[in-house]
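Here is a short report on one chain, written to be read beside its sequence and model.

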Amino acid sequence: ILVAWCGVLFTYGVAAGPLYRTESLRAIIGRECLNGNWLFPVLYGEPFLTKPPGQYAAIGLCSLPFGDVSAASARLPSVFAATAAVFLVYALFRRSLGERPALLAALLLPTSVLWLDKVPSAEIDMTLVGWVTAAVVCAHRAIEGNSAKWWILALLCVAGGTLTKWTAPAFFY
């Protein structure tokens, strides 16, 4: 049910039109990753350090199978991050409350207008939501089981969020 729900909500509009707002900037810098600039963002041959390289590298990785960045491949990191967030919320609630409340929480999570606007876009926002959700779920598991493995995973997710947007650690206070 969740796979179909995410497929309908998140893939609608992925290839429906040209890149808009700052999506084209993200796609251009993501294309530079395909040219070998994976460690730091490059725009027209110059370092572009206003944002960290996480989203651009994700666009590059999603575009690797196609050989070039397209509107659809530039938007795929947001689709994957949103889908991961839905399944992480489902897993968290399933462990705590059971199957039906978890399914309800996961089905309702992506139904706000803001989610439906941000998921099929090449913006940083939904990728950051995916990292924050993963960090919170891993931290919950670490507290629940007093496990170093889950703490390490939670902190790796914080690092992933920071590599997506410099201000990410503010979300973890």
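In which helix is Glu23 found? Glu23 belongs to helix α2 (residues 23-34). Helices here are DSSP runs of H or I with at least four residues, strands are runs of E with at least two, and both are numbered from the N terminus.

This is a predicted model, in which local features need pLDDT of at least 70, side-chain atom pairs count only at pLDDT 80 or more, and totals for chains, interfaces and linings use all residues. Residues are numbered from 1 along each chain as its sequence is written, and side-chain values use heavy atoms, with hydrogens and water left out.

**Glu23.** Glu23 is buried, at 0% relative accessibility. Buried means under 20% relative accessible area, exposed means over 50%, and partly exposed lies in between (1.4 Å probe, protein chains only). Leaving aside residues up to four places away in sequence, Glu23 touches Pro18, Arg75, Pro120, Ser121, Ala122 and Glu123. Contact means heavy atoms within 4.5 Å.

**The aromatic pair and the core.** Rings of Phe, Tyr and Trp (its six-membered ring) pair if their centres lie within 6.5 Å; planes under 30 degrees apart are stacked, over 60 edge-to-face, and the rest tilted. The count is one aromatic pair. Phe10 and Trp115 have ring centres 6.2 Å apart and planes at 35 degrees, so the pair is tilted. It links distant parts of the chain: Phe10 lies in helix α1 (residues 2-11) and Trp115 in helix α6 (residues 113-118), 105 residues apart. Phe10 is buried at 0% relative accessibility. Trp115 is buried too, at 11%.

Of its 15 residues, Phe10, Ala82, Val86, Trp115 and Val119 touch the most other members. A nonpolar core is a set of buried Ala, Val, Leu, Ile, Met, Phe, Trp, Tyr and Cys residues joined through side-chain atoms within 4.5 Å. Helices α1, α4 (71-97) and α5 (99-108) each supply at least two residues of this core. The most come from α4, with five residues. Beyond four places in sequence, the contacts of Phe10 include Val79, Thr83, Pro110 and Pro120.

**Helix α3.** Eight of the 10 residues of α3 (residues 54-63) are buried, so this helix is largely enclosed by the rest of the structure. Among them are Tyr56, Ile59, Gly60 and Cys62. The buried residues of α3 pack against α2, α4, α7 (125-145) and α8 (148-164).

**Cysteines.** How many disulfides does the whole structure hold? The search finds zero. A disulfide needs two cysteine sulfur atoms within 2.5 Å. The sulfur of Cys6 is 16 Å from the closest cysteine sulfur, in Cys62, too far for a bond. Cys62 is in no disulfide either; the nearest cysteine sulfur, that of Cys33, is 11 Å away. Cys6 is buried, with a relative accessible area of 2%. Cys62 is buried at 13%.

Most residues other than glycine have a negative phi.
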